[in-house]
Amino acid sequence: MKPVLLLAAAALLLGMAGCTSGDKADPMLSAEGKPFILKGVTDLQKISQLTGAESPNKTDQYAVYGTDLGSMFNDGDKTYFVFGDTFGERAADQIGGGGSFWRSNTIGYSTDNDPSDGIKLDGMIADDIGLAAELLPSAKVDYDEMTKIPTHGLTANGAMYLYYMSVNHWGDPGKWDANYASVAKSTDSGQHWTLLDGLKWPGDSNFIQVSPYKVKAEDGKTDIYFWCIPSGRFGGVQLMKVGEAEIEKAEAYRYYAGDDEDGAPIWSEDLSEAKTVVDDTAGELSVVWNPYLERWLMTYLKEGQGVVIREGLAPWGPWGDAIDLVKASEQPGLYGPFMNDKYVAEGGKTIYFTLSLWDPYNVFWFKASLQK
């Protein structure tokens with residue numbers, strides 16, 4: 001047999017072997033043979049202000065003069081922007097949270113599919129007179145329950161869920177104590193919420209602030225992965241997951257507890273066995289799948305340095321080095337960098353994200369370009 005025919009026969013045998021050895025590994029769930037490819041970010045740009053009286057959305061019409069966060073989740077053609085402590089009128093020179101008409105949380109929504117010129121909010125979930133409503137009421141008592149802050153939302157089984165933390169006390173910058181983390185549910189497009197008190201994580205656990213993402217499992221069902229950090233901004237990232245159908249069952253959550261001898265992830269029923277997947281000081285994290293890199297992307301505030309971005313080869317890692325996305329020296333008082341996989345351009349090369357600025361205590365819309 002001529003050499004070229006030998007090569008063709010060998011290729012055919014390899015192809016047959018590939019077919020009989022099983023389907024190709026899910027790129028979202030396998031790090032095998034994948035190098036790190038994210039070299040850096042360029043073209044960082046503040047596009048517009050999302051909230052506040054000075055924003056194009058003029059959210060003062062909903063008595064939202066100052067608010068923060070702005071994590072996003074999608075439901076049909078709508079994207080919901082979830083805000084934290086929200087205030088009515090404020091002094092012109094006021095920095096940080098504070099002001100009249102304090103609500104612990106509010107939500108805006110949008111059908112804007114063009115992120116290149118900012119995000120136009122279609123409205124906010126409002127009370128009877130059209131002002132942005134507090135959706136998860138809090139006691140607003142220091143060392144009891146200062147506030148309830150939603151850390152991220154999602155849709156599952158036809159309902160909306162908000163994962164939130166009950167804050168006991170705001171401490172030194174970047175530090176706060178949590179009573180617990182829990183979940184609220186809405187079945188009427190966010191108008192009313194029910195607290196799921198049977199689903200809680202301890203206030204001193206690593207599962208207080210979450211960033212969820214749905215992934216199709218081999219059995220055709222959907223798993224929801226949650227990257228999680230403690231209260232404050234000085235803990236590492238740990239991972240848990242739950243089947244979408246069992247999202248309201250505390251006993252159904254599993255915690256990443258390392259790898260077995262074959263390199264497969266171990267999932268434990270015991271959160272105390274959870275292993276850290278990113279060892280850093282992370283605040284307000286966000287994780288999405290990026291189609292341009294075909295890698296996971298994680299953003300968070302690294303206190304004192306700014307917002308950083310990492311690529312992940314699988315949900316449990318390994319995760320690449322932290323790369324500066326927005327430096328604190330360029331945007332003082334920055335925090336809360338939240339992505340949404342709906343808001344990308346050029347096949348994912350350009351990413352858009354919300355970013356909060358302590359002065360003027362509002363949410364802004366940014367973009368950056370990934371380089372590989």
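Predicted model: local features only at pLDDT ≥ 70, side-chain atom pairs only at ≥ 80, totals over all residues.
Residues are numbered from 1 along each chain as its sequence is written, and side-chain values use heavy atoms, with hydrogens and water left out.

Back to the strands. Strands here are DSSP runs of E with at least two residues, and helices are runs of H or I with at least four, numbered from the N terminus. Two strands are taken to pair if DSSP finds at least two bridges between them. Strand 4 (residues 106-110) and strand 5 pair in the antiparallel sense over two bridges. They belong to an open sheet of four strands, ordered 2-3-4-5, with antiparallel pairing. Strand 2 (69-75) and strand 5 (123-124) stand at the edges with a single partner strand each, so one side of each has no neighbour in the sheet.

Next come the charges. Side chains of opposite charge can pair when their charged atoms come close. With a salt bridge taken as a side-chain nitrogen of Lys or Arg within 4 Å of a carboxyl oxygen of Asp or Glu, a search of the whole structure turns up eleven. For burial, the cut-offs are under 20% relative accessible area for buried, over 50% for exposed and partly exposed in between (1.4 Å probe, protein chains only).

One of these bridges joins Lys148 and Glu145, with the closest N and O atoms 3.1 Å apart. Lys148 counts as buried at 6% relative accessibility, and Glu145 counts as buried at 8%. Another bridge joins Lys241 to Asp223, where the closest N and O atoms are 3.9 Å apart. This pair links distant parts of the chain, with Lys241 in strand 12 (residues 235-243) and Asp223 in strand 11 (residues 222-229), 18 residues apart. Both Lys241 and Asp223 are buried.

Arg233 and Glu303 also form a salt bridge, their closest N and O atoms being 3.5 Å apart. Arg233 lies in the loop between strand 11 and strand 12, and Glu303 in the loop between strand 16 (295-302) and strand 17 (306-312), so the pair ties together parts 70 residues apart in sequence. Arg233 is buried, at 12% relative accessible area, whereas Glu303 is partly exposed at 30%. Together with Glu284, these two residues are linked in a network of salt bridges.

Then there is the backbone. Most residues other than glycine have a negative phi, and most peptide bonds are trans. Ala63, in the loop between strand 1 (40-49) and strand 2, has a positive phi of about 60° although it is not a glycine. Ala63 counts as buried, at 10% relative accessibility. Phe101 has a positive phi too, of about 50°, and lies in the loop between strand 3 (78-83) and strand 4. With a relative accessible area of 38%, Phe101 is partly exposed. As for the peptide bonds, a cis one joins Gly317 and Pro318, with omega at about 5°. Pro318 is placed in the loop between strand 17 and strand 18 (323-327).
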